[in-house]
Amino acid sequence: MRISVIGCGYLGAVHAAAMAKLGHDVIGVDSDLRKIEELQAGRAPFFEPGLPELLEEAQASGRLSFTSEMSAVSTAALHFVCVGTPQRRGENAADLTYVNAAFSDLTPYLSEGAIVVGKSTVPVGTAGRLAASLAEAAPHATVAWNPEFLREGHAVSDTLNPDRFVYGVPAGHQGLAAVSALDEVYSASLAGGTPRVVVDYATAELVKTAANSFLATKISFINAMAELCEASGADVTLLADAIGMDERIGRKFLNAGVGFGGGCLPKDIRAFMARAGELGADQALTFLREVDAINMRRRSRVVELTRALLDGTLIGKRITVLGAAFKPESDDVRDSPALSVAAQLQLQGATVTVTDPQALKNAAQRFPELVFEQDTELALTNAEAVLLLTEWREYRDLDPIAVGGVVKEKVILDGRNILQPTIWREAGWTYKGIGRP
Ligand code: UDX
C-alpha cells in the first residue's frame with residue numbers, strides 16, 4: 001500500500017521505517033529539514049536501538065523516502081499523522097497546533113477515498129472534531145484514530161510486534177473502509193495473531209490516555225509505598241516483589257525510584273485532567289493530581305536525601321549524576337527526573353557533573369548551566385556523592401571497588417534501586433536506595 005507518515009519524530013520515524021519493512025511504499029514528511037536530511041541519508045536523527053538497521057534495510061528496499069514537501073503525499077492512499085502533542089506552555093492542556101496543522105496541510109493532497117489515520121495522543125473529542133471539518137473540506141476522505149503504544153527504547157519491536165491494535169472509526173461504510181485499509185496495513189501482525197479492537201473515535205482516544213494514566217498511577221502507587229517504607233523501615237523492592245506475585249497486580253511498572261518522566265506520561269495525565277474539566281468530569285480524575293504530586297515529590301525527596309548524605313549542606317559539594325535521559329536506551333531528556341534533580345542540586349549550591357551514554361547533547365541544550373562529561377570514570381573522579389538516576393546497563397554493572405578508587409567520598413544514592421546494597425556496602429560505600437532501609 002502507498003502510505004504517508006506526517007511527522008518523523010520518535011513515533012513517526014520508527015513507524016515509517018517499520019511500515020516499509022512490512023512491504024508498504026512509504027513517504028515520510030517533516031518540516032524539520034535537518035531531520036529529513038538525516039533520514040534521507042539513512043541515519044536516525046535520535047538514539048533508538050534497532051532504528052539505524054531498520055532504516056538502512058528499508059532505504060535499501062527502495063520503499064522508504066523522506067521529504068519536507070507535503071505535496072509528495074498526494075499519491076498515498078493512507079496517511080498516518082504522527083506529530084507531537086506537547087503540553088501547552090503554562091497550562092495542563094495539550095497543544096494541538098501540530099495535529100491541526102497536519103490535517104489542514106494534508107487536506108489539499110487527499111486523493112479520492114483517502115484514509116487519514118491519527119496516531120498522535122490527543123484529548124478525547126479531537127478525532128470527531130477533525131473528521132467533521134474534513135467532511136466539509138474533503139468529503140471523500142475518512143478519518144480513523146489508531147493510537148500508538150510504543151515505548152522509547154523498544155520502539156522498533158513495539159511497532160513491528162504490538163500487543164494490540166486499536167482502531168477508532170466512524171459508523172457506516174466509511175468505518176468499514178477504514179477497518180479494511182488498516183487491516184491491509186497491519187496484515188502481517190494480524191496474521192500472526194495480534195488482537196485488534198474496533199471502536200468509536202472517543203473510545204480509541206481514551207484507550208491511549210487511560211493506558212498511560214494507569215501506568216503513571218502504578219508508578220506513583222509504588223512511590224507512595226516507598227514513602228511509607230522510608231517512614232517505617234520496610235523495603236519497597238521486596239514489597240513490590242511480593243505484591244507483584246499476585247497476577248491481578250503484576251510486578252511490571254512497580255519500580256520505585258525517582259519517578260516517571262519523558263514526553264508522554266507526565267503531559268498525558270495533565271492533558272487528561274484538563275480535558276476532563278472541559279467535559280465537566282474533572283472529579284473522575286482528581287486522583288491523577290495526586291499521582292502527579294507523588295511523582296514530583298520524588299524529585300525533591302532525592303535532593304533532600306542527597307543533602308542528608310552530605311552532612312546537611314549541598315553548598316560547594318561535587319556531585320556526579322549518572323544518567324540524563326528520562327529512561328535507559330533513549331536520548332530523550334524531556335521532563336527527565338535525572339536532569340530535574342541535577343538542576344535543583346546545582347541551584348542549591350552543588351557543583352553537578354552529569355554523564356550519560358547517549359543523552360548529553362540533548363541535556364546540554366536544555367540545561368547549559370550543568371557540567372557534562374561523556375566518560376563515566378572522568379565524571380566520577382573526585383565526586384563527594386554519586387547519584388544513579390537513569391538505570392543504564394553500564395551503571396548497573398559498575399564495580400564498586402573500581403569506582404571507589406576514583407571518587408573522593410564513597411557515597412551513593414541509588415535513585416532506581418538497581419544496585420546490590422550489600423556488595424556496595426562491603427566495598428566501603430555508604431549506600432542509600434529509595435524506600436529501602
Ligand atoms: C510510555 C508508555 O509506556 C507507552 O505505552 C506510550 O506509548 C508512551 O508513554 P515511554 O514514555 O517510552 O512510554 O516510557 P515508559 O517505559 O512507560 O517509562 C516512563 C517513565 O516511567 C520513565 O521515566 C521510567 O523510568 C519510569 N518508570 C517506569 C518508573 O519510574 N518505574 C517503573 O516501574 C517503570
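Here is a short walk through this chain, from its overall build down to one serine. Keep in mind as you look around that the model is predicted.

Let's start with the fold as a whole. Along the principal axes, the C-alpha atoms occupy a box of roughly 70 × 50 × 40 Å. How does that fit with the chain length? A compact globule of 437 residues would have a radius of gyration near 22 Å, and the chain has 23 Å, so the two agree.

Next, look at how the chain packs against itself. Take the contacts between residues at least 6 apart in sequence: 71% of these join residues at least 24 apart. Of the 437 residues, 53% count as buried.

Finally, zoom in on S120. You will find this residue in the loop that runs between strand 5 (115-118) and helix 5 (126-137). Is S120 buried or exposed? Its relative accessible area is 2%, and because buried means under 20%, S120 counts as buried. Which residues does S120 touch, leaving aside those up to four places away in sequence? They are V81, C82, V83, T85, V99 and W145. Showing these side chains together with S120 is a friendly way to end the tour.

How values were computed: Residues numbered from 1 in each chain as written. Predicted model: local features only at pLDDT ≥ 70, side-chain atom pairs only at ≥ 80, totals over all residues. Heavy atoms only, no water. Rg over C-alpha atoms; globule rule 2.2 N^0.38 Å. Buried < 20%, exposed > 50% of the residue type's maximum accessible area, 1.4 Å probe, protein only. Contact = heavy atoms within 4.5 Å. Helix = DSSP H or I, 4+ residues; strand = E, 2+ residues; numbered from the N terminus.
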